[in-house]
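Me: I would like to learn how to read the features of a model with care, taking the general idea before the particular case. Could we go through the structure shown here together?

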Amino acid sequence: MSALVHAVAAAVAIDADGPRGGALFLGGSGAGKSLLALALVENCPWRRSALVADDAVILEWREGALVARAPEQIAGLIELRGFGVARVRRHASVEIVAAFDLE
């Protein structure tokens, strides 16, 4: 079973070669979800953190874990208020380990 939620998901690298941890950012329009995800991606010292999904996240339970992925139409795209849509480093899916409500 899956659900489509209004959120942003990122695969965050915590070291140079280990697994990525999934962060899910929740909040209304203009809360800063996309900007925070972009900052994580662009400032990763190992260039391994990546966007999973922006504004529309598909969440699924897989083998006891909550996994996030993007709808295919928007995979690899991020929309930044005042700048428009841009391509960004992408990771296909990630297990969510933390969720943050930005409101």
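Me: Which residue's side chain meets that of Glu-60 in a salt bridge, at 3.2 Å from N to O?

Reply: The general idea is that side chains of opposite charge can pair when their charged atoms come close. The term salt bridge is used here for a side-chain nitrogen of Lys or Arg within 4 Å of a carboxyl oxygen of Asp or Glu. In this structure the side chain of Glu-60 meets that of Arg-69, at 3.2 Å from N to O. Before going further, note that this is a predicted model, in which local features need pLDDT of at least 70 and side-chain atom pairs count only at pLDDT 80 or more, while totals for chains, interfaces and linings use all residues. Residues are numbered from 1 along each chain as its sequence is written, and side-chain values use heavy atoms, with hydrogens and water left out.

Me: How many salt bridges does the structure hold, and which residue pairs with Arg-90?

Reply: The structure holds three salt bridges, and one of them joins Arg-90 to Glu-72, with the closest N and O atoms 3.9 Å apart. This pair links distant parts of the chain, 18 residues apart, since Arg-90 lies in the loop between strand 8 (84–87) and strand 9, and Glu-72 in the loop between strand 6 (65–69) and strand 7. Helices (H or I, at least four residues) and strands (E, at least two) are DSSP runs, numbered from the N terminus. Glu-72 is exposed, at 61% relative accessible area, and Arg-90 is partly exposed, at 38%.

Me: How should I read the nonpolar core, and which residues touch the most other members of the largest one?

Reply: A nonpolar core is a set of buried Ala, Val, Leu, Ile, Met, Phe, Trp, Tyr and Cys residues joined through side-chain atoms within 4.5 Å. The largest here has 13 residues, of which Ala-9, Leu-24, Val-52, Val-57, Leu-59, Ala-68 and Ile-96 touch the most other members. Strand 2 (7–13), strand 4 (50–54), strand 5 (57–62) and strand 9 (93–101) each supply at least two of its residues, and strand 2 gives the most, with three. A second, separate core of twelve residues includes Phe-25, Leu-38, Val-41 and Ile-78.

Me: What is the volume of the largest pocket, and which residues are closest to its centre?

Reply: Rolling a probe the size of a water molecule over the atoms shows where empty space is left. A pocket, on a 1 Å grid over the protein atoms alone, is an open set of points where a 1.4 Å probe fits, with protein on both sides within 12 Å along at least five of seven lines, and its lining residues have an atom within 4 Å of a point. The largest pocket has a volume of about 300 Å³, a volume being the space filled by probe spheres set on the grid points, which are joined across faces, edges and corners. Of its 13 lining residues, the closest to the centre are Gly-30, Ser-34, Glu-79, Leu-80 and Arg-81. Helix 1 (33–42) and strand 7 (77–80) each supply at least two residues of the lining, and helix 1 provides the largest share, three residues.

Me: Which residues other than glycine have a positive phi?

Reply: Most residues other than glycine have a negative phi, and most peptide bonds are trans. Among the residues with a positive phi here, Arg-47 has a value of about 55 degrees and lies in the loop between helix 1 and strand 4. Asp-55, with phi near 75 degrees, is found in the loop between strand 4 and strand 5. Arg-47 is partly exposed, at 45% relative accessible area, and Asp-55 is also partly exposed, at 28%.

Conventions: Buried < 20%, exposed > 50% of the residue type's maximum accessible area, 1.4 Å probe, protein only.
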